Structures are given as structure tokens and as C-alpha cells.
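Take a slow turn around the chain on your screen. Then read on, and check each step against the picture.

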Amino acid sequence: MKMLRYLKCVLAVIVLWTGVVFVYSAEDTRDVKYRLLGPLDNSCVQSSVRVSTDNQHFAYVASNPAGMSVVFDKKQDSQYYKEIKTESLVLSPDGKHLAFIAKQYDNWFVVRDWKQDLMKNFADIKSESLKFSPDSSRLAYTALEFNKWYVVIDGKEKEGESYDQIRPASLVF
């Protein structure tokens, strides 16, 4: 019970009998004043819904026959991808930036603010490694190429530094 008192943010995804999905957020569970962030369309992958730490922005992965794309604050990306790792969708701490891992032509890459982060494709990128810096200005992740793992920071690979393994949660700014 005490744990609920200190909860700063609550996210509720509500599915109505009509199939319309809404995202609500609350600042404090004691007052339970919910604010409608917006309706989600039927193509929403519900497990991918993310809300910024300030409760002002939200994003989710949309899936339809054309492929997968991301919706950020009700604006859908015009690019469709073969696949998006839904668990990889992250919003920056200030809520102004987003990043996710996408696949096109059997190669993985990171998309940051609607642009491919590094003009290079990888065999794999670990979802849990995708991290924004606390000030939201930098982005880091781990990527696999030719059976070696690399750290990519701000779209630049660390030259010559490759590893047999990197723990995805080990990246810290």
C-alpha cells in the first residue's frame, strides 16, 4: 500500500468495447486525476506503448499490412519497416526524442528521430542496450557485426574496439 503512495506516474491503456484504445497518464495515485494523452489507432501494438517521464508525450509501434512504423504524439512515421523490435522503443528523458530498432532487408539498424542513426546495418542490436543520456543529447547501444559486438555512441562506432560479448544493461552515461 505504501508503494502506491510514492508512485509518480501511472499509465493506463484502456480498450473500449468499440475497439478504440486510449492512453491516460496520472501524476499521482492519491488524486487520481487522469489526463487523456490521445487515442491510439487499431494498428497499435499495445505492449509497445511508451509515455515520457514528464507525462506529456507518448509513442507506440503500429503494425499493418504495409509493415511496421512508429507513432509519436499522434504523428505517424511515413517510413514502414519489415520489423520493429517493439520492446526497443525508447523516449528520451526530456520526452523530445525517440529511438527504436528496425529491420529492413534482413539487417538491423537504429532509427533516432525518424533518421537512421548510423548508415550501417548490423546482424543484431540488443533492445535493452538502447539508452539516451540523462540530458537527452546522446544515444548509445550495442550492435553485432561479423560475430563481434560493438558499442555505438551518437551514431559512431568505437573504431577497432570489438568484444565477444557486451552485457546490454552495462551501458551507462
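The chain exposes about 10200 Å² of surface, and carbon and sulfur atoms supply 53% of that area. The model is a predicted one. Buried residues make up 46% of the chain's 173 residues. How far apart in sequence are the residues that touch? Take the contacts with a separation of 6 or more; residues 24 or more positions apart account for 33% of them.

Start with a sheet. Four strands build it, in the order β4-β5-β6-β7. The sheet is open, and its pairing is antiparallel. Its edges are β4, residues 50-51, and β7, residues 75-76. Each of these edge strands pairs on one side only.

Strand β5 covers residues 58-64, and strand β6 covers residues 67-72. The two run antiparallel, and six bridges join them. A hairpin of two residues leads from β5 to β6. Find N64, whose bridge partner in β6 is G67. Then find V61, which stands opposite V70 in β6.

Strand β6 also meets β7. Two bridges join this antiparallel pair. One partner is V71 in this pairing, and Q76 is its bridge partner in β7. The hairpin of β6 and β7 has two residues between the strands. There, D73 takes a positive phi near 50 degrees.

Is β6 mostly covered or mostly open? It is mostly covered, since six of its six residues are buried. Look at which way those residues point. G67, S69 and V71 point one way from β6. M68, V70 and F72 point the other way. All of them are buried.

Next, turn to charge. Side chains of opposite charge can pair when their charged atoms come close. The structure holds seven salt bridges. One of them links the side chains of D106 and K82, at 2.8 Å from N to O. D106 lies in the loop between β10 (98-104) and β11 (107-112), while K82 lies in the loop between β7 and β8 (83-84), so the pair ties together parts that are 24 residues apart in sequence. Is D106 buried or exposed? Its relative accessibility is 51%, so D106 counts as exposed.

A second salt bridge joins the side chains of D154 and R112, at 3.8 Å from N to O. D154 sits in the loop between β16 (148-153) and β17 (156-157), and R112 belongs to strand β11, so this pair ties together parts that are 42 residues apart in sequence. The two partners differ in cover. D154 counts as partly exposed because its relative accessibility is 26%. R112 has a relative accessible area of 17%, so R112 is buried.

Now look at D124 and K126. They form a salt bridge, with their closest N and O atoms 3.6 Å apart. What else takes part? Salt bridges that share partners join K85, D124 and K126 into one network. At 17% relative accessibility, D124 counts as buried. K126, with a relative accessible area of 29%, is partly exposed.

Stay in this region of the sequence and find E128. E128 is found in the loop between β13 (124-125) and β14 (131-132). At 44% relative accessibility, E128 counts as partly exposed. Which distances separate E128 and S88? In sequence, they are 40 residues apart. In space, their C-alpha atoms are 6.6 Å apart.

Last stop: S92. Its place is in the loop between β9 (90-91) and β10. Is S92 buried or exposed? At 1% relative accessibility, S92 counts as buried, because buried means under 20%. What does S92 touch? Its side chain makes a polar contact with the side chain of D94, at 2.6 Å. Leave aside the neighbours within four places in sequence, and S92 is in contact with H97, F132 and S136.

Go back to the picture once more. Trace the open sheet from β4 to β7. Then pick out the pair D106 and K82, the pair D154 and R112, and the network of K85, D124 and K126. Finish at S92 in its loop.

Terms used
Residues are numbered from 1 along each chain as its sequence is written. This is a predicted model: local features need pLDDT of at least 70, side-chain atom pairs count only at pLDDT 80 or more; totals for chains, interfaces and linings use all residues. Side-chain values use heavy atoms; hydrogens and water are left out. Two strands pair if DSSP finds at least two bridges between them. Buried means under 20% relative accessible area, exposed over 50%, partly exposed in between (1.4 Å probe, protein chains only). Contact means heavy atoms within 4.5 Å. Accessible areas come from the Shrake-Rupley method with a 1.4 Å probe; for residues, only the protein chains shown count as cover. A salt bridge is a side-chain nitrogen of Lys or Arg within 4 Å of a carboxyl oxygen of Asp or Glu. A polar contact is a pair of N or O atoms within 3.5 Å; within protein, one must be able to donate a hydrogen and the other to accept it, and residues adjacent in sequence count only if both atoms are side-chain atoms.
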